[in-house]
Amino acid sequence: MIENFATLDDIFADEAFENLVAGIRVQKVEKLPPEIEKFLEILHWVKEHGREPQKSTQIKERQLFSRLKAIRSNEDRKRLLIAYDELDLLGDRHNG
């Protein structure tokens, strides 16, 4: 049976709506700090391309290269991000 609803409140108050949304679970989306999000972007790029970003004519790759270089040169940033570094981009092999 199709019902005509006058307002959104009518829809939300309807038993059919309650049954429809009863099984939906709300998941809390955790937003990471921007510094971590930016590092995860580098990790994603490396996984996708199979190599670290280089100083390139491609703007995005060059940005990621510069960002990674800056992170590697800052011990505080490295300490913050090391827990997310599943590819060892910040490890000892990159010092110097």
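Start by selecting helix H2, residues 15-22, in this predicted model. This helix is hardly covered: among its eight residues, the count of buried ones is zero. Now show the side chain of Asp 14 at the start of H2. One of its oxygens comes to within 2.8 Å of the backbone nitrogen of Ala 16.

Next, zoom out to the whole protein chain. You will find five helices and zero strands, in the order α-α-α-α-α from the N terminus. The radius of gyration is 23 Å, well over the 12 Å that the globule rule gives for 96 residues, so the chain is more spread out than a compact globule. Along the principal axes, the C-alpha atoms fill a box of roughly 70 × 30 × 20 Å. Of the 96 residues, 21% count as buried.

Leaving aside residues up to four places away in sequence, Phe 39 touches Leu 68, Ile 71, Leu 81, Tyr 84, Asp 85 and Leu 90.

For a last stop, go to Glu 75 in helix H5, residues 75-81. Is Glu 75 buried or partly exposed? Glu 75 counts as partly exposed because its relative accessibility is 45%. Draw a C-alpha to C-alpha distance from Glu 75 to Leu 90: they are 15 residues apart in sequence and 9.9 Å apart in space.

Terms used: Residues numbered from 1 in each chain as written. Predicted model: local features only at pLDDT ≥ 70, side-chain atom pairs only at ≥ 80, totals over all residues. Heavy atoms only, no water. Contact = heavy atoms within 4.5 Å. Helix = DSSP H or I, 4+ residues; strand = E, 2+ residues; numbered from the N terminus. Buried < 20%, exposed > 50% of the residue type's maximum accessible area, 1.4 Å probe, protein only. Polar contact = N/O pair within 3.5 Å; in protein donor to acceptor, adjacent residues only side chain to side chain. Rg over C-alpha atoms; globule rule 2.2 N^0.38 Å.
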